[in-house]
Amino acid sequence: MSSSVEVLTARDVPLGGPRSMTVRRTLPQRARSLIGAWCFVDHYGPDDVSRTGGMDVAPHPHTGLQTVSWLFSGEIEHRDSLGSHAMVRPGELNLMTGGHGISHTEVSTPSTTVLHGVQLWVALPDADRHADRDFQHYAPDPVTVDGARVRVFLGELAGSVSPVRTFTPLLGAELVLDPRAHLTLAVDPAFEHGLLVDRGAVRLAGAPLAQAELGYAAPGRDTLTLTNETDTPARVILLGGPPFGEEIIMWWNFIGRTHEDIAQARSDWMTGIEADVDAGTGTGTRFGEVQGYDGDPLPAPELPSVPLKPRGRVR
(Lines give C-alpha, C1' and ligand atoms only; values in the text may rest on other atoms or scores of the structure.)
Protein backbone atom coordinates (compact mmCIF):
# COMPACT_ATOMS: atom_id res chain seq x y z
CA MET A 1 0.00 0.00 0.00
CA SER A 2 1.53 3.23 -1.20
CA SER A 3 0.38 5.28 1.79
CA SER A 4 2.96 3.49 3.94
CA VAL A 5 5.87 4.72 1.81
CA GLU A 6 7.22 8.19 2.50
CA VAL A 7 8.64 9.99 -0.56
CA LEU A 8 11.61 12.31 0.02
CA THR A 9 12.57 14.73 -2.74
CA ALA A 10 16.10 15.98 -3.37
CA ARG A 11 17.51 19.48 -3.11
CA ASP A 12 20.49 20.80 -5.07
CA VAL A 13 23.61 21.46 -2.99
CA PRO A 14 27.06 22.72 -4.09
CA LEU A 15 29.80 20.34 -2.93
CA GLY A 16 33.51 20.86 -2.56
CA GLY A 17 34.27 24.53 -1.90
CA PRO A 18 35.41 26.99 -4.60
CA ARG A 19 35.56 24.31 -7.34
CA SER A 20 32.22 22.87 -6.35
CA MET A 21 29.96 20.52 -8.27
CA THR A 22 26.21 20.29 -7.71
CA VAL A 23 24.74 17.21 -6.05
CA ARG A 24 21.17 16.15 -5.27
CA ARG A 25 20.73 15.55 -1.53
CA THR A 26 17.84 13.49 -0.19
CA LEU A 27 19.15 12.80 3.32
CA PRO A 28 19.18 14.42 5.81
CA GLN A 29 16.20 16.71 5.59
CA ARG A 30 13.63 18.16 7.92
CA ALA A 31 11.21 15.26 7.52
CA ARG A 32 13.79 12.55 8.15
CA SER A 33 17.38 12.54 9.39
CA LEU A 34 18.34 8.87 9.25
CA ILE A 35 17.45 5.53 7.66
CA GLY A 36 19.09 2.97 9.91
CA ALA A 37 22.55 4.44 10.47
CA TRP A 38 22.52 5.99 6.97
CA CYS A 39 22.57 9.72 7.60
CA PHE A 40 23.59 11.29 4.29
CA VAL A 41 22.66 10.55 0.68
CA ASP A 42 24.15 12.59 -2.18
CA HIS A 43 23.42 11.68 -5.81
CA TYR A 44 25.30 13.31 -8.66
CA GLY A 45 25.58 13.18 -12.45
CA PRO A 46 25.61 12.13 -15.15
CA ASP A 47 28.08 15.03 -15.33
CA ASP A 48 30.08 15.73 -18.49
CA VAL A 49 33.41 16.55 -16.85
CA SER A 50 34.90 17.81 -20.11
CA ARG A 51 32.45 20.69 -19.80
CA THR A 52 32.10 21.14 -16.03
CA GLY A 53 35.59 20.26 -14.78
CA GLY A 54 34.34 17.35 -12.65
CA MET A 55 35.02 16.65 -8.98
CA ASP A 56 37.93 18.26 -7.15
CA VAL A 57 37.40 18.16 -3.39
CA ALA A 58 40.45 19.44 -1.47
CA PRO A 59 41.62 17.94 1.85
CA HIS A 60 38.74 17.98 4.32
CA PRO A 61 38.05 16.25 7.65
CA HIS A 62 35.54 13.74 9.01
CA THR A 63 34.63 12.54 12.50
CA GLY A 64 32.11 10.03 13.83
CA LEU A 65 31.16 8.44 10.52
CA GLN A 66 31.94 6.14 7.61
CA THR A 67 31.89 7.37 4.01
CA VAL A 68 30.58 5.05 1.29
CA SER A 69 31.54 5.86 -2.32
CA TRP A 70 29.73 4.09 -5.18
CA LEU A 71 29.96 5.02 -8.86
CA PHE A 72 27.82 4.27 -11.90
CA SER A 73 30.32 5.79 -14.35
CA GLY A 74 33.65 7.60 -14.26
CA GLU A 75 36.57 7.28 -11.87
CA ILE A 76 37.59 9.18 -8.71
CA GLU A 77 41.03 9.23 -7.12
CA HIS A 78 40.87 8.89 -3.33
CA ARG A 79 43.69 9.83 -0.96
CA ASP A 80 43.42 9.90 2.83
CA SER A 81 45.50 10.52 5.92
CA LEU A 82 45.67 6.80 6.67
CA GLY A 83 47.88 6.64 3.58
CA SER A 84 45.26 5.02 1.36
CA HIS A 85 45.50 5.82 -2.35
CA ALA A 86 42.72 4.14 -4.29
CA MET A 87 40.47 4.57 -7.29
CA VAL A 88 36.70 4.61 -6.97
CA ARG A 89 35.32 2.77 -10.01
CA PRO A 90 31.83 1.66 -11.09
CA GLY A 91 30.61 -1.38 -9.19
CA GLU A 92 33.36 -1.15 -6.55
CA LEU A 93 32.88 0.00 -2.96
CA ASN A 94 35.29 2.30 -1.16
CA LEU A 95 34.43 2.63 2.54
CA MET A 96 36.43 4.97 4.77
CA THR A 97 36.09 5.15 8.56
CA GLY A 98 36.67 8.55 10.12
CA GLY A 99 36.00 7.90 13.81
CA HIS A 100 38.14 10.18 15.95
CA GLY A 101 39.42 11.97 12.85
CA ILE A 102 40.52 11.46 9.26
CA SER A 103 41.01 13.69 6.22
CA HIS A 104 40.84 12.89 2.52
CA THR A 105 40.57 14.21 -1.03
CA GLU A 106 38.36 13.19 -3.95
CA VAL A 107 39.31 14.08 -7.53
CA SER A 108 37.83 12.77 -10.77
CA THR A 109 40.56 11.36 -13.02
CA PRO A 110 41.62 12.78 -16.42
CA SER A 111 40.30 9.65 -18.14
CA THR A 112 36.78 10.30 -16.82
CA THR A 113 34.28 11.49 -19.41
CA VAL A 114 31.01 11.17 -17.48
CA LEU A 115 30.91 11.22 -13.67
CA HIS A 116 27.84 9.67 -12.07
CA GLY A 117 27.31 8.09 -8.67
CA VAL A 118 26.34 8.39 -5.02
CA GLN A 119 28.18 9.49 -1.88
CA LEU A 120 26.73 8.07 1.34
CA TRP A 121 27.52 8.48 5.03
CA VAL A 122 26.92 6.12 7.94
CA ALA A 123 26.74 7.44 11.52
CA LEU A 124 28.88 5.54 14.02
CA PRO A 125 27.20 4.52 17.28
CA ASP A 126 28.37 6.36 20.38
CA ALA A 127 30.49 3.44 21.58
CA ASP A 128 32.47 3.45 18.32
CA ARG A 129 32.48 7.07 17.22
CA HIS A 130 36.15 7.53 18.16
CA ALA A 131 37.21 4.42 16.24
CA ASP A 132 40.54 4.27 14.47
CA ARG A 133 40.91 5.32 10.85
CA ASP A 134 40.20 2.57 8.37
CA PHE A 135 39.73 2.01 4.65
CA GLN A 136 38.09 -0.96 2.90
CA HIS A 137 37.64 -1.78 -0.78
CA TYR A 138 35.25 -4.40 -2.15
CA ALA A 139 34.03 -5.30 -5.65
CA PRO A 140 30.83 -7.38 -5.26
CA ASP A 141 29.93 -9.92 -7.90
CA PRO A 142 26.49 -9.32 -9.43
CA VAL A 143 23.74 -11.83 -8.68
CA THR A 144 20.68 -12.33 -10.84
CA VAL A 145 17.20 -12.52 -9.39
CA ASP A 146 13.87 -12.58 -11.21
CA GLY A 147 13.94 -9.38 -13.25
CA ALA A 148 17.01 -7.71 -11.76
CA ARG A 149 20.78 -7.78 -11.30
CA VAL A 150 21.95 -7.02 -7.78
CA ARG A 151 25.31 -5.90 -6.39
CA VAL A 152 25.38 -6.03 -2.58
CA PHE A 153 28.14 -3.78 -1.26
CA LEU A 154 27.07 -3.84 2.41
CA GLY A 155 25.05 -6.39 4.33
CA GLU A 156 23.02 -9.18 2.76
CA LEU A 157 20.36 -9.40 0.04
CA ALA A 158 19.21 -12.01 -2.47
CA GLY A 159 21.66 -14.57 -1.11
CA SER A 160 24.68 -12.28 -1.58
CA VAL A 161 26.70 -11.28 1.49
CA SER A 162 29.25 -8.46 1.70
CA PRO A 163 32.34 -9.10 3.86
CA VAL A 164 32.84 -5.39 4.56
CA ARG A 165 32.92 -4.52 8.26
CA THR A 166 30.43 -2.01 9.68
CA PHE A 167 29.62 -0.90 13.22
CA THR A 168 25.85 -1.44 12.95
CA PRO A 169 23.85 -3.85 10.75
CA LEU A 170 23.41 -2.27 7.31
CA LEU A 171 22.16 -3.00 3.83
CA GLY A 172 23.54 -1.27 0.74
CA ALA A 173 22.89 -2.59 -2.76
CA GLU A 174 22.61 -1.49 -6.39
CA LEU A 175 19.78 -3.06 -8.39
CA VAL A 176 19.26 -2.80 -12.14
CA LEU A 177 15.67 -3.72 -12.97
CA ASP A 178 14.70 -5.14 -16.34
CA PRO A 179 12.09 -3.24 -18.39
CA ARG A 180 8.67 -3.64 -16.75
CA ALA A 181 10.17 -5.93 -14.10
CA HIS A 182 8.15 -6.68 -10.98
CA LEU A 183 10.05 -8.40 -8.19
CA THR A 184 9.69 -9.10 -4.50
CA LEU A 185 12.77 -9.20 -2.28
CA ALA A 186 13.01 -10.83 1.14
CA VAL A 187 14.33 -8.30 3.68
CA ASP A 188 14.95 -8.13 7.41
CA PRO A 189 11.73 -6.93 9.11
CA ALA A 190 13.81 -5.22 11.81
CA PHE A 191 15.22 -2.87 9.16
CA GLU A 192 13.83 0.37 7.82
CA HIS A 193 14.64 0.89 4.14
CA GLY A 194 15.26 3.65 1.67
CA LEU A 195 15.14 3.27 -2.12
CA LEU A 196 16.91 5.92 -4.21
CA VAL A 197 15.99 6.02 -7.91
CA ASP A 198 18.97 6.77 -10.10
CA ARG A 199 17.38 6.04 -13.46
CA GLY A 200 13.81 5.34 -14.51
CA ALA A 201 10.46 5.39 -12.73
CA VAL A 202 10.00 2.77 -10.03
CA ARG A 203 7.26 1.80 -7.62
CA LEU A 204 8.21 0.79 -4.08
CA ALA A 205 5.38 -1.18 -2.44
CA GLY A 206 3.06 0.53 -4.90
CA ALA A 207 4.29 4.07 -4.29
CA PRO A 208 5.61 5.84 -7.42
CA LEU A 209 9.16 7.22 -7.23
CA ALA A 210 10.67 9.47 -9.88
CA GLN A 211 14.34 9.88 -10.70
CA ALA A 212 16.37 11.23 -7.71
CA GLU A 213 13.54 10.59 -5.23
CA LEU A 214 14.06 8.46 -2.12
CA GLY A 215 11.27 6.22 -0.87
CA TYR A 216 11.20 5.33 2.83
CA ALA A 217 9.63 2.12 4.19
CA ALA A 218 9.31 1.66 7.96
CA PRO A 219 10.36 -1.52 9.81
CA GLY A 220 7.97 -4.43 9.98
CA ARG A 221 8.13 -5.68 6.38
CA ASP A 222 9.70 -9.01 5.51
CA THR A 223 9.47 -8.27 1.78
CA LEU A 224 9.86 -5.26 -0.49
CA THR A 225 8.17 -5.14 -3.89
CA LEU A 226 9.83 -3.13 -6.69
CA THR A 227 8.27 -2.40 -10.09
CA ASN A 228 9.97 -0.80 -13.08
CA GLU A 229 7.31 1.33 -14.77
CA THR A 230 9.32 1.89 -17.96
CA ASP A 231 10.33 0.05 -21.12
CA THR A 232 14.03 0.55 -20.37
CA PRO A 233 16.21 -0.72 -17.48
CA ALA A 234 15.87 1.17 -14.20
CA ARG A 235 18.62 1.55 -11.61
CA VAL A 236 18.13 2.02 -7.86
CA ILE A 237 20.14 2.02 -4.65
CA LEU A 238 18.57 0.16 -1.73
CA LEU A 239 19.67 1.17 1.79
CA GLY A 240 18.59 -0.29 5.10
CA GLY A 241 19.31 -0.89 8.75
CA PRO A 242 17.62 -1.13 12.14
CA PRO A 243 16.44 2.26 13.43
CA PHE A 244 19.39 4.19 14.85
CA GLY A 245 18.52 4.63 18.51
CA GLU A 246 20.71 7.67 19.17
CA GLU A 247 20.46 11.36 18.45
CA ILE A 248 23.34 12.94 16.56
CA ILE A 249 24.59 16.36 15.57
CA MET A 250 25.75 16.49 11.97
CA TRP A 251 27.44 19.74 10.96
CA TRP A 252 29.67 20.25 7.93
CA ASN A 253 31.80 17.06 7.79
CA PHE A 254 31.51 16.16 11.47
CA ILE A 255 29.16 13.95 13.45
CA GLY A 256 29.06 14.33 17.23
CA ARG A 257 26.63 14.21 20.12
CA THR A 258 26.99 17.72 21.56
CA HIS A 259 27.71 21.21 20.28
CA GLU A 260 31.01 21.00 22.15
CA ASP A 261 31.99 17.87 20.16
CA ILE A 262 31.54 19.77 16.91
CA ALA A 263 33.22 22.94 18.13
CA GLN A 264 36.27 20.95 19.26
CA ALA A 265 36.52 19.11 15.93
CA ARG A 266 36.30 22.40 14.04
CA SER A 267 38.96 23.96 16.25
CA ASP A 268 41.27 20.97 15.81
CA TRP A 269 40.88 21.11 12.02
CA MET A 270 41.45 24.86 11.77
CA THR A 271 44.46 24.68 14.10
CA GLY A 272 45.95 22.05 11.81
CA ILE A 273 45.36 24.24 8.75
CA GLU A 274 47.01 27.25 10.39
CA ALA A 275 50.02 25.15 11.35
CA ASP A 276 50.49 23.36 8.02
CA VAL A 277 48.89 25.45 5.28
CA ASP A 278 52.25 26.45 3.81
CA ALA A 279 52.92 22.78 3.10
CA GLY A 280 49.64 22.52 1.18
CA THR A 281 48.25 19.71 3.33
CA GLY A 282 46.93 21.35 6.49
CA THR A 283 45.33 18.47 8.31
CA GLY A 284 46.90 18.59 11.76
CA THR A 285 47.55 15.86 14.30
CA ARG A 286 43.97 14.74 14.94
CA PHE A 287 43.10 14.44 11.25
CA GLY A 288 46.45 13.39 9.89
CA GLU A 289 47.95 14.54 6.61
CA VAL A 290 46.88 13.87 3.03
CA GLN A 291 49.86 13.36 0.74
CA GLY A 292 49.83 13.91 -3.00
CA TYR A 293 47.19 16.62 -3.43
CA ASP A 294 48.30 19.90 -4.99
CA GLY A 295 46.29 22.53 -3.15
CA ASP A 296 45.23 23.94 0.18
CA PRO A 297 42.74 22.23 2.51
CA LEU A 298 39.15 23.37 2.82
CA PRO A 299 38.58 25.73 5.76
CA ALA A 300 35.63 24.96 8.00
CA PRO A 301 32.68 27.35 7.89
CA GLU A 302 31.89 29.45 10.94
CA LEU A 303 29.76 27.80 13.59
CA PRO A 304 26.23 29.19 13.95
CA SER A 305 25.61 31.75 16.69
CA VAL A 306 23.19 29.42 18.49
CA PRO A 307 24.14 25.99 19.88
CA LEU A 308 23.70 23.03 17.55
CA LYS A 309 20.95 20.63 18.64
CA PRO A 310 20.87 16.85 18.29
CA ARG A 311 18.34 15.18 16.03
CA GLY A 312 17.12 11.64 15.61
CA ARG A 313 15.31 9.59 12.98
CA VAL A 314 12.42 12.02 12.50
CA ARG A 315 12.56 15.74 13.22
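Predicted model: local features only at pLDDT ≥ 70, side-chain atom pairs only at ≥ 80, totals over all residues.

Q: Which residues touch the most other members of the largest nonpolar core?

A: A core here is a set of buried nonpolar residues joined through side-chain atoms within 4.5 Å. In this model the largest one has 34 residues, and Trp38, Cys39, Val68, Leu93, Leu120, Phe153 and Leu154 touch the most other members.

Q: Which element gives the largest share of this core?

A: That's E11, with five residues. Strand E11 covers 114-123, and other elements that give two or more residues include strand E4 (38-48), strand E6 (65-73) and strand E14 (148-154).

Q: Can we zoom in on one residue? What does Val68 touch?

A: Leaving out residues up to four places away in sequence, Val68 touches Trp38, Leu93, Asn94, Leu95, Val118, Gln119, Leu120, Val122, Phe153 and Leu154. There's also a second, separate core of 27 residues, with Val5, Ala207, Ala217 and Leu226 among them.

Q: Okay, now sheets. In what order do the four strands of the open sheet come?

A: Strands of a sheet pair through backbone hydrogen bonds, either parallel or antiparallel. Here the order is E18-E23-E20-E21, and the pairing is antiparallel. From one strand to the next, the twist averages 25 degrees.

Q: Which are the edge strands?

A: Strand E18 (182-186) and strand E21 (207-209), since each pairs on one side only.

Q: And how many bridges join E18 to strand E23?

A: Five, with E23 spanning residues 223-228. To find your place, look for Ala186, which stands opposite Thr223 in E23.

Definitions and conventions:
Residues numbered from 1 in each chain as written. Heavy atoms only, no water. Buried < 20%, exposed > 50% of the residue type's maximum accessible area, 1.4 Å probe, protein only. Contact = heavy atoms within 4.5 Å. Pairing = 2+ DSSP bridges. Axes fitted to C-alpha atoms, helices over the stretch in contact; angles between N-to-C directions.
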